[in-house]
Amino acid sequence: MKFYSLSQLAYRKNTLFLLLFRHRKNRIETIIKTDPGAHLKILSKKYEYLRLSNEMFFGCLLANFLGSLITQIIFRINVIDPSEPSLVFIKNMDLALSLLFFFVGGSILLVYEYPMRTCLKKILNDETPDPLLFETARRRILNEPYFIVLLNAFIWFFGSLIFWIIGSPNAPFLGFACGIITVVLSFFWVEHVIQHNLIQYFFPNGGLSSVKGTRRIRISTRLFMLVCAGSVTPLFFIHINIIESKKWLESGTVPASLILSKLQTTIAVETVLFTFMAVFITFFISQNIKTPVQEIMTVLSRIRKGIFTERATIYSNDEIGYTGDVLNAVARDLQEKEKMSRSLNLAQEVQQNLLPKKNMTVNGLEMAGKSIFCDQTGGDYYDFILPSGTAGQSLEAVVADVSGHGISSALLMASVRSCLRLRRRFKGSANEMISDVNHQICEDFGASGNFISLFYLSIHPSEHRLEWIRAGHDPGYLYDPETDRFERLEGEGLVLGLDQSYPYQINQKSGLKPGQIVTLFTDGVWETKNPEGESYGKERLKESIRKYAGKSCTEIIERLIEDINGFRSTDSAQDDLTLVVLKIKPSSN
């Protein structure tokens, strides 16, 4: 085993320290060479940390010093006999309690602030603090004003009690007087420092009301503390001064004029001191309230102009802070609704473009249609499929109604339209086409539980014949003005989207004559209700068709919609409605 002398050990120790110092020096020099302003940044962060972490601590010390100073000033002015031992007692008590707070209270406060100081240091160094410690720091920083109040009150009460026990009868009065000044000053100072200097590091986006286990600093609490500072405390001091003056008057050793003069001077000084303190505290209160209120007013003015991206950054742990959080939540909801509204408007525009652009007359057949959605988008659908070649080919009209209404129904409606138009390009009969569309819809949307009722109509003007397929939809009406008779275009058929193997059948009618009118519609037409709950009904629909049969198809639809809206009165529509009217013209165009 090798032994070293003391000088060798000292040499090795110094060498180790020298190596560590050189390593740290080289590291700092490397950082400075990489970033010339790094050294200043490091010093700036250290200064910022020392300032922010100790601002509340030294504020509490200052509050205790001011409390002691104000108490001594008032009692010194009111002293009749300069040799009175109470002056020494006041000085000793204030000094003892100030030292007690500095050592005992300061230690307790540093322990309480440990999570905040640790997290603040990491935040200033651009590091991520421990989540649990950070949550504790957030909770403690919101509760610190109340913690400071309790700590100061306990120290001054405890110190006064000790002085009273050892034989100082005035100790409770003096301790209470000085303690209440200290408590009020430290409360408002700590709240001001937290709100304006510290809270943004722990709540960068506000949201103070979301932290559990905290006590709010309500506006009523601030007003109560202000009353204590501006009214209760000076009145308490005046009360003590009057008791002392009365004692001197009863002793008869001092002229009454001198006692009254001292009392008047003391009350004047108290008025000035406590007025100044009340103004000082009022300034803190106004700053702590004015700043978040102005922020809220700014955001409200932006919202009023339709700008929903602005957020109120409120660092106030009171009703105003909670109002700011609610306002931000409302702004977020309005922003989401605005995005949804823009999306719905786009969807509405797309869906309207999927419907026929205009009404028309082709091959002796006049056609018109209209869809009205109760929401921005709907599940009703109508379409005209025109011949691609020569005259004499069939003209086709489709009316469909998707279960429900809104975005989901609009998407399903668009899929039905795409499937139908794509399948129409290939060969096959009408029932084969509808069966293929049903098969595809069942594969794509069968699991959703949605279904589609559909009425497919094919008119052959040259053959005076029409064909139709009913897929669970309301029968259409064929009206003959010459005989004043309505014929229902009925037939068997299951809605699309339920059974992909269902065989659809073609229904036919011949003998079409000029002037006859075919009307197709969705259930939103006849199920429209008035304020009394009565349905528009199919009989009213037939009566309106009979009434306007001499007009063009476009006018018939406009008048029918006017009648429906008049029947519904002022109530908004509860369902989408679609009308398609086709009229056989006397001669071919």
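User: Happy to look at this predicted model with you! By class, what does the lining of the second largest cavity have?

Analyst: Good place to start, and do keep in mind that the model is predicted. The second largest cavity holds about 60 Å³ of space. Sorted by class, its lining has two charged residues, one polar and seven nonpolar.

User: Which elements give two or more residues to the lining of the second largest cavity?

Analyst: Let's begin with the residues themselves: Leu52, Ser53, Met56, Glu113, Met116, Arg117, Leu120, Ile141, Leu198 and Phe202 line this cavity. The elements that give two or more of the lining residues are helix 2 (38-77), helix 4 (114-124) and helix 6.

User: Thanks! How many cavities of 30 Å³ or more does a search of the whole structure find, and how much space lies in the largest cavity?

Analyst: Searching the whole structure gives two cavities of 30 Å³ or more. For the largest cavity, the space comes to about 80 Å³.

User: Which residues lie nearest the centre of the largest cavity?

Analyst: The lining of the largest cavity is made up of 13 residues. By class, eight are nonpolar, three polar and two charged. Those nearest the centre are Glu191, Ile194, Ile217, Tyr315 and Asn317.

User: And which helix gives the most to the lining of the largest cavity?

Analyst: Two helices are worth a look here, as helix 5 (131-165) and helix 6 (171-202) each supply at least two residues of that lining. With four residues, the one that gives the most is helix 6.

Technical notes
Residues numbered from 1 in each chain as written. Predicted model: local features only at pLDDT ≥ 70, side-chain atom pairs only at ≥ 80, totals over all residues. Heavy atoms only, no water. 1 Å grid on protein atoms, 1.4 Å probe; cavity = no way out; pocket = protein on both sides within 12 Å on 5 of 7 lines; lining within 4 Å. Points joined across faces, edges and corners; volume = space filled by probe spheres on them. Nonpolar A, V, L, I, M, F, W, Y, C, P; charged D, E, K, R; others polar.
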